[in-house]
Amino acid sequence: MSENMRLFGSGHGACPGCGLPIAVKSVLEATGPCFVANSTGCLEIISSQYGKSAWGVPYIHSVFENAAAVAAGIEAALKALGRKDEGPVVVFAGDGATADIGIGCLSGMFDRGHDVLYVCLDNEAYQNTGNQQSGLTPPGSSTTTTPAGKVLPGKVKAKKDMPAIALAHKARYVATASVAFPRDITRKVKRALEFEGPKYIQIHSVCVTGWGIDGKQAIPVARLAVETALYPLIEFEDGQLVRVRKIKDRKPVEEYLKPQRRFRHLFKHPKGKEVIAELQRVADENAKKFGLDA
Amino acid sequence: MGEKLRITLGAVSRPLESLKIKTGDWGAEYPVVIEENCKACGDCVVYCPDLCIELVETGEVDEKGRKKKVAKVNYDYCKGCGTCSVVCRHDAIKMEIKEIYKG
Ligand code: SF4
Ligand code: SF4
């Protein structure tokens, strides 16, 4: 058995090519033994079915909204029992659990200043129930609750800026990462753990079924999200932007959108051009705001 | 006191029980490592979502006296997603169609 496999194992139920296990093992690579609280979502479904747990570390699934509160409780208990040396407390939560359903508990955890690493696995919709939009679904994405039709070209509203929300809570370390760069995830988690207090890392994680791509396209598509600046990789320490992943020859957003079924309608829908222009504007703004262009 | 508190509530799973679930029959394709191309960079290991690639010693030593390693796939769990073949920068992994899906 490989080192990695002692903390999170093969035999889990993720779709072939899924990004979630890549994110999870890259995080665990940095944390080593730790305490995991996981909200309801894809990761919970694929890894914690009774009698089929893929976890080699203490793991708890409670409900959809309260992983941050459960983690806060674990952290407080470990502190009270003098057991802080047994490993960090880590939350794994999906984008829906983070940006919509669990945002209250997350806000409370930040507010009370718990020493918890909160990892948002962002596959940009409620994917375990079959692709319903969340606050982190990008504009233009066709989901079962924002289907592209005669009138609407998929989701209309913007992607919620969760890193900014974490920063507004004065979370000590805030970063974004991508499954296209697993070693970067590991490095960021190591860095995050040097800070005592709440930490937030949001990892862009490919969903092959929800995004409508083949397993072989998973990593190339995730890479394109970064190379178009639609998913900027940024790092804040105590509120200051300290590092970004620079982009050489930034690509137009169409290159990222085209291979994915969830955006396919944009290339023929009457309002498609407008949405693509809006996404390009978001990418340009990201590049400018964070100084991404190399 | 002094003893660790042990309370069992609700459903408790044992660690790594997923290893019983052999997902190796999911895919229609499987990866083949071309050992002479493999540089043992470990990229495929880092990316494989099913944690089923390891670097193993070949038994040979290189010019500098270091033990040579190559990527080895555990087909008990490989789902044939093809990620390893895409991320390998040394053309050392090819996807093949399983015999039963041919023709
Ligand atoms: S990515 Fe390619 S070269 Fe690197 S270890 Fe895997 S098979 Fe070998
Ligand atoms: S095909 Fe997919 S599951 Fe199989 S070894 Fe390669 S990356 Fe892992």
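# Pockets, ligand shells and salt bridges

Trainee: Which element gives the most to the lining of the largest pocket?
Mentor: α3(A), with four residues. Helices here are DSSP runs of H or I, at least four residues; strands are E runs of at least two; both are numbered from the N terminus. This is a predicted model: local features need pLDDT of at least 70, side-chain atom pairs count only at pLDDT 80 or more, and totals for chains, interfaces and linings use all residues. Residues are numbered from 1 along each chain as its sequence is written, chains are lettered from A and ligands numbered from 1 in the order written, and side-chain values use heavy atoms, without hydrogens and water.

Trainee: What volume does that pocket have?
Mentor: About 1,700 Å³. A pocket is an open set of points on a 1 Å grid over the protein atoms alone, where a 1.4 Å probe fits, with protein on both sides within 12 Å along at least five of seven lines; lining residues have an atom within 4 Å of a point. Points join across faces, edges and corners, and the volume is the space filled by probe spheres set on them.

Trainee: How does the lining of the largest pocket split by class?
Mentor: 19 nonpolar, eight polar, five charged. Nonpolar covers Ala, Val, Leu, Ile, Met, Phe, Trp, Tyr, Cys and Pro; charged is Asp, Glu, Lys and Arg; the others, Gly among them, are polar.

Trainee: And the second largest pocket, which residues lie nearest its centre?
Mentor: Lys159(A), Leu230(A), Pro232(A), Val282(A) and Asn286(A), from a lining of 31. The second largest pocket holds about 600 Å³. α11(A) gives the most to its lining, eight residues. By class that lining has 19 nonpolar, four polar and eight charged residues.

Trainee: Switching to ligands. What is closest to ligand 1?
Mentor: Cys38(B), Lys39(B), Cys41(B), Cys44(B) and Cys88(B), among 13 surrounding residues. To count, a residue needs a heavy atom within 4 Å. The shell of ligand 1 has nine nonpolar, two polar and two charged residues.

Trainee: How many residues surround ligand 2?
Mentor: 15, with Cys48(B), Cys78(B), Cys81(B), Gly82(B) and Cys84(B) closest. That shell has 10 nonpolar, three polar and two charged residues.

Trainee: How many salt bridges are there over all chains?
Mentor: 29, where a side-chain nitrogen of Lys or Arg lies within 4 Å of a carboxyl oxygen of Asp or Glu. One of them joins Glu75(A) and Lys79(A), at 3.8 Å, N to O.

Trainee: How many residues apart are Glu75(A) and Lys79(A) in α3?
Mentor: Four, so about one helical turn separates them. Glu75(A) is buried at 3% relative accessible area (buried is under 20%, exposed over 50%, partly exposed in between, with a 1.4 Å probe and protein chains only).

Trainee: What does Lys251(A) form a salt bridge with?
Mentor: Glu227(A), with the closest N and O atoms 3.1 Å apart. Lys251(A) sits in the loop between β8 and α10 of chain A and Glu227(A) in α9 (218–227), so the pair ties together parts 24 residues apart in sequence. Lys251(A) is partly exposed at 28%, and Glu227(A) is partly exposed at 24%.

Trainee: Which residues are linked in a network of salt bridges?
Mentor: Asp184(A), Arg187(A), Lys188(A), Arg191(A), Glu194(A), Glu235(A), Glu237(A) and Arg243(A).
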